[in-house]
Amino acid sequence: MSQPDIITLNQKFAIAGQLEFAAEANGMAVARIANHHAQSTIALQGAHILAFQPNGEAPLIWLSPAAKLAPGKSIRGGVPVCWPWFGAHATASGFPAHGFARTVPWQVTASTALPDGSTRIAFELPQSAIPSAQWPHACRVRLIVTAGKTLAVELITENTGNAPFKIGEALHTYFAISDVDNVRITGLEDCVYLDKVDDWKRKTQAGAITITSEVDRLYVNTEKDCLIEDAGLRRRIRIAKRGSRSTVVWNPWIEKAAKMGDFGSDTGYRGMACVESVNAAENVVSVAPGATHALSVVYSTEKI
Ligand code: BG6
């Protein structure tokens, strides 16, 4: 994005002492929030949250030090917005994994300073960024981010056309953790999941999840809060969601991370865990003409 665009964004949406827009060294436009509660950075490409850190605490979000912040490329870490499908497209193998929304520029449409000191910024996926060959449906898609003591993210899909359509979607959040050995993930006990690393077999979760090898699981029919207990950071991350019936837990482990090439170092995978709020597989969402569907998540931390 060129400099005048940053100037215009600041004229329209900056909030003194809370929100400003800037171009990163590589030219990528970002919104920077620094308020009484937290610091956050959001790229306009993909409306992708790159950082969120409550003041006085460790970062909540993991961003790979080797993330490619380049036009049209997906970013390793942060909160990728996967839309309008999750994972591989059901029928077209040439379509991008996790949909196109995460790699196209979004527009900022509003910013608000809230009475409690939080900062809200609203993004919209412009019609011109939607490849009609991949998505021939009329819709309005928004992402609303509220950075305060907690991080709240809402992905809203409105069907503005005359026929229903189905979407898969995710807030594919990468959490910063002290080390994979120190964490357990709870909230998915007894849930059914599709195990991608075991030929998509359908299994049932027994107890808490620990990460001791590659984990890539799509839990279905679950709306419960998930918790990441991190003994190393002595904190618990709470993921409280609405409008999401699937949860994906992912850590690529050694070989996959090495193959991906954007994890930073040989041990980069140890500092992250994805717990994604999703609608996929049997939980894809049908949106009727004129209807709106919202997937919203609140991320918070507690000391343990
Ligand atoms: C997860 C999937 O949601 O995303 C994994 O379950 C995938 O299978 C991972 O590897 C990362 O995807 P990508 O496209 O960002 O490399």
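In which loop does Ala92 lie? Ala92 is found in the loop between strand 5 (81-82) and strand 6 (107-113), where strands are DSSP runs of E of at least two residues, numbered from the N terminus. The model is predicted, so local features need pLDDT of at least 70 and side-chain atom pairs count only at pLDDT 80 or more, while totals for chains, interfaces and linings use all residues. Residues are numbered from 1 along each chain as its sequence is written, and side-chain values use heavy atoms, with hydrogens and water left out.

With a relative accessibility of 19%, Ala92 counts as buried; this term means under 20% relative accessible area, with exposed meaning over 50% and partly exposed in between (1.4 Å probe, protein chains only). In sequence, 143 residues separate Ala92 from Arg235, and their C-alpha atoms are 42 Å apart in space.

The ligand sits in the largest pocket. A pocket is defined on a 1 Å grid over the protein atoms alone, as an open set of points where a 1.4 Å probe fits, with protein on both sides within 12 Å along at least five of seven lines. A molecule sits in a pocket if more than half of its atoms lie within 2 Å of its grid points. Around the ligand are Arg76, Phe86, His98, Arg102, His172, Lys196, Asp216, Val248, Trp250, Met260 and Glu276, a residue being near a molecule if one of its heavy atoms lies within 4 Å of it. This shell comprises four nonpolar, two polar and five charged residues.

Of the 400 Å² of accessible area that the ligand has on its own, the protein covers 85% (Shrake-Rupley method, 1.4 Å probe).

His172, one of the residues around the ligand, lies in the loop between strand 11 (169-171) and strand 12 (174-176). His172 is buried, with a relative accessible area of 4%. Its side chain joins that of Glu276 through a polar contact of 3.5 Å, that is, a pair of N or O atoms within 3.5 Å, one able to donate a hydrogen and the other to accept it within protein, with residues adjacent in sequence counting only if both atoms are side-chain atoms.

Gln45 occupies the loop between strand 3 (38-43) and strand 4 (48-54) and is buried at 10% relative accessibility. The side chain of Gln45 reaches the backbone oxygen of Ala70 at 3.1 Å, and a polar atom of this side chain lies 3.2 Å from the backbone nitrogen of Gly72.

Definitions and conventions:
1 Å grid on protein atoms, 1.4 Å probe; cavity = no way out; pocket = protein on both sides within 12 Å on 5 of 7 lines; lining within 4 Å. Nonpolar A, V, L, I, M, F, W, Y, C, P; charged D, E, K, R; others polar. Helix = DSSP H or I, 4+ residues; strand = E, 2+ residues; numbered from the N terminus.
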